[in-house]
Amino acid sequence: MQNYRCSDCNRQFLGGNRIDNAVLWHEYTVGKQTYSQLAKANGVSAKTIQRRIDKVEVKVQRRNFKSAIILMDTTYFGRNFGVMVFKNSEGQTLYWRYVKYETVAGYLEGIAYLEGNGLDIKAIVCDGRKGLFQALKGYLVQMCQFHQVAIVTRYITRKPRIQASIELKEISHLLPRTDKESFIGALTEWHLKWKDFMNERATNPTTGKSRYVHKRLRSAYKSMERNKDFLFTWYDHITLGIPNTNNLLEGSFTDLKNKLRNHNGLNRKRKEKFIDGFFKGINSYSN
């Protein structure tokens, strides 16, 4: 493609096939082409490509569903910049919002928005954020089993050394492979076996204050004990087809970040536009 200048009006224009902004946007977001790559392919400057992409209007249209099982979570793209996403169990994005922090209030506002648009929420799959289960007590709630395993791992590490931690880790990894009765039975047996060990305390000779010796092991166990009533909602209501994890949503987050990684240096406004286009594209909306 070549630039031409009109001898009468001195206006520049492109010869040959004109650049289609919609095609540029598709190649930029889905094809993962950078400004420089698109500029080279179209015979123009990177600034021209950036200007044309900035002109593309992403019309965010919300799809309406009568009922759905909701998967919700938040991912971050830097300090104080996250996106809270609500999908249905078929993987269609129903709603998203930009947030500074992941909060219970933010999730409740998202749920209120969906219900205000006529959605009947059959169940909710989410992580174990403090206060969230209590706030959602009017719904069927499934805690993401992947998040529960991650919580246990965070406390006792991926390669625990003491036997009690090794056995507790094995129990946590049973979650996606066993039924409710077997899991709770294994957790109960572990507690009976290691209760005294877990409750060992030591006294600081200077302050005279005592503390738990195996505090992190204790926290790992307590997290599963506290959340056990929400880890098998899918099992108690098996006919609803509730997912036991948020993996479908996590997969979208990974895909989005991989695509954004090709466009390092975007400012906040352009990054939000890219994210809007990503979720709009997933749902195959038309302009």
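Contact, in this report, means heavy atoms within 4.5 Å of one another. The structure described is a predicted model, in which local features need pLDDT of at least 70 and side-chain atom pairs count only at pLDDT 80 or more, while totals for chains, interfaces and linings use all residues. Residues are numbered from 1 along each chain as its sequence is written, and side-chain values use heavy atoms, with hydrogens and water left out.

**The chain as a whole**

The chain holds 12 helices and nine strands, where helices (H or I, at least four residues) and strands (E, at least two) are DSSP runs numbered from the N terminus. Of its 287 residues, 42% count as buried, a class that means under 20% relative accessible area, with exposed set at over 50% and partly exposed in between (1.4 Å probe, protein chains only). The accessible surface comes to about 16,400 Å², and carbon and sulfur atoms account for 48% of that area; the areas come from the Shrake-Rupley method with a 1.4 Å probe. Among the contacts between residues at least 6 apart in sequence, 60% join residues at least 24 apart.

Strand β4 covers residues 82–88 and includes Val 85, which counts as buried because its relative accessibility is 0%. Apart from neighbours within four places in sequence, Val 85 is in contact with Leu 71, Met 72, Asp 73, Thr 93, Tyr 95, Trp 96, Leu 249, Phe 253 and Phe 279. The C-alpha atoms of Val 85 and Thr 74 are 6.1 Å apart in space, and the two residues are 11 apart in sequence.

Asn 88 also has its place in β4 and is buried, with a relative accessible area of 1%. When neighbours within four places in sequence are left aside, the contacts of Asn 88 are with Phe 65, Ala 68, Ile 69, Leu 71, Leu 94 and Leu 248. From Asn 88 to Ile 121, 33 residues away in sequence, the C-alpha to C-alpha distance is 9.5 Å.

In helix α12 (residues 268–282) lies Ile 275, a buried residue at 0% relative accessible area. Not counting residues up to four places away in sequence, Ile 275 touches Phe 77, Phe 81, Val 83, Tyr 98, Leu 256 and Leu 260.

**Helix packing**

Two packed helices are described by the angle between their axes and the distance between the axes. The axes are lines fitted to C-alpha atoms, for helices over the stretch in contact, and the angles run from 0 to 180 degrees between N-to-C directions.

| Helix pair | Axis distance | Crossing angle |
|---|---|---|
| α1 (residues 21–29) and α3 (residues 46–55) | 9 Å | about 100° |
| α2 (residues 35–42) and α3 | within 8 Å | roughly 105° |
| α7 (residues 163–172) and α9 (residues 215–227) | within 11 Å | roughly 25° |

Angles under 35 degrees count as roughly parallel, over 145 as roughly antiparallel, 65 to 115 as roughly perpendicular and the rest as oblique. With an angle of about 100°, α1 is roughly perpendicular to α3. Their contact is made by Asn 21, Leu 24, Trp 25 and Tyr 28 of α1 together with Ile 49, Arg 52, Ile 53 and Lys 55 of α3, and its residues divide into five nonpolar, one polar and two charged. In these classes Ala, Val, Leu, Ile, Met, Phe, Trp, Tyr, Cys and Pro count as nonpolar, Asp, Glu, Lys and Arg as charged, and the others, Gly among them, as polar.

Helices α2 and α3 are likewise roughly perpendicular to each other. Here Tyr 35, Leu 38, Ala 39 and Asn 42 in α2 meet Ala 46, Ile 49, Gln 50 and Ile 53 in α3, giving six nonpolar, two polar and no charged residues.

Helices α7 and α9, by contrast, are roughly parallel to each other. Ala 164, Ser 165, Leu 168 and Ser 172 of α7 form the contact with Leu 217, Ala 220, Tyr 221 and Met 224 of α9, a set with six nonpolar, two polar and no charged residues.

**Positive phi in two loops**

Most residues other than glycine have a negative phi. Asn 80, in the loop between β3 (67–76) and β4, has a positive phi near 60° and is partly exposed, with a relative accessible area of 32%. Thr 157, in the loop between α6 (145–156) and α7, has a positive phi near 70° and counts as partly exposed at 42% relative accessibility.
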